[in-house]
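Please have the sequence and the 3D view open beside you.

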Amino acid sequence: MFFRKKTASFHAEDHAGQKLLSLDFIMLFFLALFSNCYLSVYYCFEQWLENLAVAPNWRGMLLGALFGMVMVTRPVASVYMLRFNKLPAVIVSLIISSSVLLSYQYLDPASPFFEWYLLGLRLVQGFFLAIFSSCVISLLVECIPPGQSARGFALFSLTGLLPYALLPSVGELLLPLVGGEAKLFAWTSVLFIPCLIMTILLAPKLKKPEISSSAQADFANYARGIVRGVTHSGLGLVFAALCTFSLVTQTCIFFMKGLCSVTGADPAKFFFYYTVTIMVVRVIGSNRLDTLPRYRIVPVVACTLAASLAIICYAPGWLYIPAVILYGISISLLYPLMASVIYNRSTQETRTVNSNLMMLMFDAAGLFSPDVGGAILNMDFGYEAVISAAAIMALVSGTCFTLDRVRLAVEEKRQRCAR
């Protein structure tokens, strides 16, 4: 109880009169922006493996291995890192991730252990990515003032969108110049320099444990309290909606270039137009996001998301760009509205962990979407079937969110009857 009271008091003082676009938020924004390029460069990973004649099942496993390791590591890291200085963890994570990117060029595709070496690299990077992102999310929660959650998540989500707007377009131009995907991965490691600069600037925040030394003795009870708060939050259906939505976005990231190789569309235009659309919508409409009726908008937008993917797969080529823009509009609304519901329905004690659980949904999607896509390809259904499966996932996401609304309505009615 002492720790909870102290934490609540700290947050009240910290957020009093605080603006969203503080210096800490801006520095954290750029740290996440540059570090997310370490992931967005893998937009061509599946096609690289296909060119090296790696089997579809191995391609799915290698794509998902990184996110599987993140999924396993993040829950422990998100709680464990609360009591420690995060600065060394962030620096070591950046060094290891940069080293992994440099390592691909030295692997021999002719080696009988090539796939196993790749698997080891992906698992190592996933482990340190989980630690790094847990530290970043902990700082993000501290930087978002009350009442600005949807806007905060919408703006911060640009750190994951900008790399996918720029790197695929730039990467397609650089690939013939640098000598292939492995060299492109290596050049991306240069972004370690701006990441390190932002980390040094954020050092005072990173050094400060979220659990004070006087409260560390009660850490186990605190962790159990958080777990209980999460499991009794009533957010299961919202997390399910976020997870299936994440499956849609991850599937498109991993397999859209493969689909374009069949349809003849330009994959760089997909990444560029949809991310630019998201940025425009979120920057212009960020101030209104917190006023939107979430439960009315999310199911409708989930349907437009599914429709956009169906058009990309099967409609004539002249509808490709409009469908990509519709995809971008749908994505720009769904994530911040879902994230805002989770943020607003979490208690002060569970908000940090629930925010990390949101990231866990993306990790799970990163693990399972390549395996599902690889299995579909292995059955010779083609890339159209993979993206069609993503469209079905979008409909499932909207359904889960609708069911959560029904559950809340039934619960409210039951409470009124009990009175």
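A word on the ground rules before we start. This is a predicted model, in which local features need pLDDT of at least 70 and side-chain atom pairs count only at pLDDT 80 or more, while totals for chains, interfaces and linings use all residues. Residues are numbered from 1 along each chain as its sequence is written, and side-chain values use heavy atoms, with hydrogens and water left out.

Let's begin with the core. The largest nonpolar core has 129 residues; a nonpolar core here is a set of buried Ala, Val, Leu, Ile, Met, Phe, Trp, Tyr and Cys residues joined through side-chain atoms within 4.5 Å. Buried means under 20% relative accessible area, with exposed over 50% and partly exposed in between, using a 1.4 Å probe and protein chains only. Tyr42, Tyr104 and Phe270 have the most contacts inside this core. The helix that gives the most to this core is α13 (residues 236–263), with 15 residues. Helices are DSSP runs of H or I with at least four residues, numbered from the N terminus.

Leaving aside its neighbours within four places in sequence, tyrosine 104 is in contact with Tyr42, Phe45, Trp48, Leu118, Leu121, Arg122, Gln125, Ala182 and Phe185. Contact means heavy atoms within 4.5 Å.

Tyrosine 164 counts as buried because its relative accessible area is 11%. Residues up to four places away in sequence not counted, tyrosine 164 touches Leu39, Ser40, Ile253, Phe271, Phe272, Tyr274 and Thr275. The C-alpha atom of tyrosine 164 is also 8.1 Å from that of tyrosine 43, although these two residues are 121 apart along the chain.

Serine 330 sits in helix α16 (residues 320–344). With a relative accessible area of 1%, serine 330 is buried. Val301, Thr304 and Leu305 are what serine 330 touches, not counting residues up to four places away in sequence.

What about the cysteines? The structure holds 0 disulfides, a disulfide being a pair of cysteine sulfur atoms within 2.5 Å. Cysteine 400 is in no disulfide, and the nearest cysteine sulfur, that of cysteine 243, is 9.2 Å away. Cysteine 400 counts as buried because its relative accessibility is 12%. Cysteine 135 is buried too, with a relative accessible area of 0%.

Now turn to helix α9. Of its 8 residues, 6 are buried, so α9 is largely enclosed by the rest of the structure. The buried ones are Glu181, Ala182, Leu184, Phe185, Ala186 and Thr188. The elements that cover them include α2, α3 (45–51), α5 and α8.

How many cavities of 30 Å³ or more does the structure hold? There are 3. On a 1 Å grid over the protein atoms alone, a cavity is a set of points where a 1.4 Å probe fits but cannot get out, whereas a pocket is an open set with protein on both sides within 12 Å along at least five of seven lines; lining residues have an atom within 4 Å of a point. Grid points are joined across faces, edges and corners, and a volume is the space filled by probe spheres set on the points.

The largest cavity has a volume of about 770 Å³. It is lined by 32 residues, and those closest to its centre are Asn36, Ser157, Gly160, Met359 and Phe362. Helix α6 (residues 114–143) gives the most to this lining, with 6 residues. By class, the lining divides into 21 nonpolar, 8 polar and 3 charged residues. Ala, Val, Leu, Ile, Met, Phe, Trp, Tyr, Cys and Pro count as nonpolar, Asp, Glu, Lys and Arg as charged, and the others, Gly among them, as polar.

The second largest cavity has a volume of about 90 Å³. Its lining has 6 nonpolar, 4 polar and no charged residues, and α6 supplies the largest share, 4 residues.

The second largest pocket has a volume of about 250 Å³. Among its 13 lining residues, Cys37, Leu166, Leu167, Thr188 and Leu191 lie nearest its centre. Helix α8 gives the most to this lining, with 6 residues.

Note on methods: Helix = DSSP H or I, 4+ residues; strand = E, 2+ residues; numbered from the N terminus.
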